[in-house]
Amino acid sequence: MARVEVFLFSFSLLQLIHQNYGVTIVSSDRDVEVHEFETAILPCNYILERDDSARLEWKKIKGEQISFVYFEGSLVEKYKDRATMRGSSIVLNKVTRADMATYRCEVTAKKDTKVFTETAFKLIVLVPPAVPICKVPSSAMSGSMVVLACKESEGSPPSQYIWYKDNTKLLDLPVKDSTVTNISYTVNRKTGLLTFNPVRKSNSGSYFCEANNGVGQTQRCSVKFMQIKSRSSKGNSTNHRTASPPTEDFKHTKSFVI
């Protein structure tokens with residue numbers, strides 16, 4: 001029995017040595033989450049086989065753009081005033097949403113058996129939602145398609161949206177039973193669109209929307225009233241027009257410059 005235990009221990013030790021044969025990064029590659037304007041630690045710890053002069057580089061990858069953060073033994077100029085090195089890891093102060101990207105740590109040890117290794121992770125900056133902008137037509141004709149819009153552009157991760165009519169939460173898809181007077185609407189929580197197709201007089205009422213992304217407090221827009229009018233019989237039976245919010249783009253209420 002003792003011989004079996006010794007064999008298993010020796011086998012496990014050989015596996016560990018084989019796995020670490022050459023330069024190896026031992027840091028976790030999981031994502032890093034931090035609230036906006038706080039401090040983020042970008043971790044990168046490695047072990048070497050024999051090379052005591054390994055080259056360390058940090059790169060920021062955002063879309064198709066790749067830029068250096070740490071190069072030739074120092075932080076690049078852009079980060080010198082707001083970042084420090086903690087060993088081979090980077091401490092980044094006062095992060096903003098502009099810092100959200102994939103960060104890659106690369107280590108080259110030419111004297112080791114395995115000369116190169118790298119690890120990458122996403123930096124996720126958490127930002128509470130702003131007060132959403134709600135666009136609700138003041139009036140529309142029954143029988144037409146009507147779209148109500150709700151949007152905020154500050155939150156990270158992106159907000160989800162919930163609509164209310166007369167202080168009652170609207171389901172994503174209305175329940176089809178005898179108590180529902182209109183089962184022709186849909187709510188898209190990702191886009192914030194509330195669509196009536198067709199709209200009916202019973203849809204007249206007060207509407208508002210809430211935005212929530214799990215960070216900070218839920219935000220809501222002001223209440224707006226929508227009046228649905230009956231379609232007259234003169235010349236309007238085939239005139240099914242769509243009432244939708246103005247088409248101007250939603251704009252950020254803040255901007256951040258690094």
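Begin by selecting Trp-58 and Phe-121, both of which are buried in this predicted model. Their ring centres are 6.1 Å apart and their planes meet at 75°, so the pair is edge-to-face. Trp-58 belongs to strand β5 (residues 55-62) and Phe-121 to strand β11, so the pair ties together parts that are 63 residues apart in sequence.

Next, select the whole of β11, residues 116-126, together with strand β2, residues 32-35; these two run parallel and are joined by 4 bridges, and within them Val-34 has Val-125 as its bridge partner.

Now move to an open sheet of 4 strands, which follow the order β12-β14-β18-β17 with antiparallel pairing. Strands β12 (133-135) and β17 (185-188) stand at the edges with a single partner strand each, so one side of each has no neighbour in the sheet. From one strand to the next, the twist averages 10°. Inside this sheet, select β14 (residues 146-151) and β18 (residues 193-196), which are joined by 4 bridges, and look for Val-146 opposite Phe-196.

Which residues form one aromatic cluster with Phe-196? Select Tyr-185 and Tyr-207 alongside Phe-196 to display that cluster. Tyr-185, in strand β17, and Phe-196, in strand β18, are 11 residues apart, and both are buried. Their rings form a tilted aromatic pair, 5.9 Å from centre to centre with 55° between the planes, and the structure holds 5 aromatic pairs.

Key:
Residues numbered from 1 in each chain as written. Predicted model: local features only at pLDDT ≥ 70, side-chain atom pairs only at ≥ 80, totals over all residues. Heavy atoms only, no water. Pairing = 2+ DSSP bridges. Axes fitted to C-alpha atoms, helices over the stretch in contact; angles between N-to-C directions. Phe/Tyr/Trp six-rings, centres within 6.5 Å; stacked < 30°, edge-to-face > 60°. Buried < 20%, exposed > 50% of the residue type's maximum accessible area, 1.4 Å probe, protein only.
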